Amino acid sequence: MTPSLILLFLVAFGAFGLALRRGVPTAKRALRETGQSIGRVLPLLLVAMPMAAFLSELIPADIASGWLGVESGLTGILIASLAGGLIPGGPYVSFPLVLSFLKAGAGGPQMVALITGWAILGFHRVIAWEWPVLGGRFVAVRMLSSIILPVLAGLLAAALLPLFPHALPRP
Amino acid sequence: MRNLLRRHSSVFLLGGISLIAGGLVRWLHGPEGFARALGVALDIFLAVLPAMLAGLLLAGSLKQIIPSGALAKWMGAESGWWGLGVATVAGMATPGGPMAAFPLVLVLAQAGADRGALIAFIVAWGLNGFQRVLVWEVPLLGADFALLRFLCGLPLGFVAGWLARRVPIDWSPPDTGAPPAAPAIGRRA
């Protein structure tokens, strides 16, 4: 039990307590919602974990520690931003991948840029959802105003990293 | 049967990739490499599971106690930085995948939110959505990394919204024939 896990449980039980104060039906809805989410997330996790572990065995180590490594600097941040945009799928794909990259020696700012690129640029999501629902012009405005954000996040992370000495999980 | 496939298409797709990647690992690195990778996967799974259960309980409870609507009126073209801030908080509080979020953006647009606020909303939802941070990022990458990443993402919605108000492309919300000011989101207007 790490301190952050204990804190997370305390906050979760606190929120559930607030739902309970709204009445038993509200608390029941919260529990049903939680149960449904577990049913959705658990199967994904069960297949995504081996996938990420196998892929990290297959990905040449020098991609993580070289191209995206601690020493890769701004070039690594640029590569990571673009690569992030190309990762398809939900958080069950991207976060296990980032974990294996980090363990293989990728740099923190580069991984922040990768997650940001995946979350903001995610080209598959734009094509599948944003374009059909909001139209091409809106997508153009959003892309023009978002394209530099992953790089910005990476640079910000490089500046803030010294304040987070335990941010990078190492084997 | 087809329904089952559709509902769990992600599981089947990821499972398929797992099988192929696992086969390749066994072929290239032998049974020891295969067993080692499976051991790593099991370790991470067991480490992540409790945090994920807590995160899901938190997300499920928050959804019941926080009203999701009533914010569009604070997100108009004259709303300035305040509007971008409201949009950022609303985006972070919006749970669910793109199938829920993008239709909600359309609703906000038709209720009067301007393009800067809409884009700040999308960026904040995609990047810093509480549910995703709690359920996936904290358990998998650790609280320290997640906090660093979250802080780096916090100003981005403002940057994107500010830029979006200056991009010289005309855009008006698509008209779906719904009354423009309908309080369509949330349980309380």
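The model is a predicted one, in which local features need pLDDT of at least 70 and side-chain atom pairs count only at pLDDT 80 or more, whereas totals for chains, interfaces and linings use all residues. Residues are numbered from 1 along each chain as its sequence is written, chains are lettered from A in the order in which they are written, and side-chain values use heavy atoms, with hydrogens and water left out.

Chain B contains eight helices and zero strands, where helices (H or I, at least four residues) and strands (E, at least two) are DSSP runs numbered from the N terminus. Among contacts in chain B with a separation of 6 or more, 75% are between residues 24 or more positions apart, a contact being heavy atoms within 4.5 Å.

Helix H3 (residues 80-93) and helix H5 (residues 115-128) of chain B have axes that come within 7 Å and cross at roughly 35 degrees; these axes are lines fitted to C-alpha atoms over the stretch in contact, with angles running from 0 to 180 degrees between N-to-C directions. On the H3(B) side the contact includes Gly83(B), Leu84(B) and Ala87(B), and on the H5(B) side it includes Gly116(B), Ala117(B) and Phe121(B). The residues of this contact divide into nine nonpolar, five polar and no charged, with Ala, Val, Leu, Ile, Met, Phe, Trp, Tyr, Cys and Pro counted as nonpolar, Asp, Glu, Lys and Arg as charged, and the others, Gly among them, as polar.

Two cavities of 30 Å³ or more were found, a cavity being a set of points on a 1 Å grid over the protein atoms alone where a 1.4 Å probe fits but cannot get out, with lining residues having an atom within 4 Å of a point. The largest cavity holds about 70 Å³ of space, and of the 13 residues that line it, Ala119(A), Ile120(A), Arg125(A), Arg142(A) and Ile122(B) lie nearest its centre. H5(B) gives the most to this lining, with four residues.

The second largest cavity holds about 30 Å³, and its lining includes Thr88(B), Met92(B), Ala124(B) and Asn128(B). Here too H5(B) provides the largest share, four residues, while the lining as a whole has five nonpolar, four polar and no charged residues.

Technical notes. 1 Å grid on protein atoms, 1.4 Å probe; cavity = no way out; pocket = protein on both sides within 12 Å on 5 of 7 lines; lining within 4 Å. Points joined across faces, edges and corners; volume = space filled by probe spheres on them.
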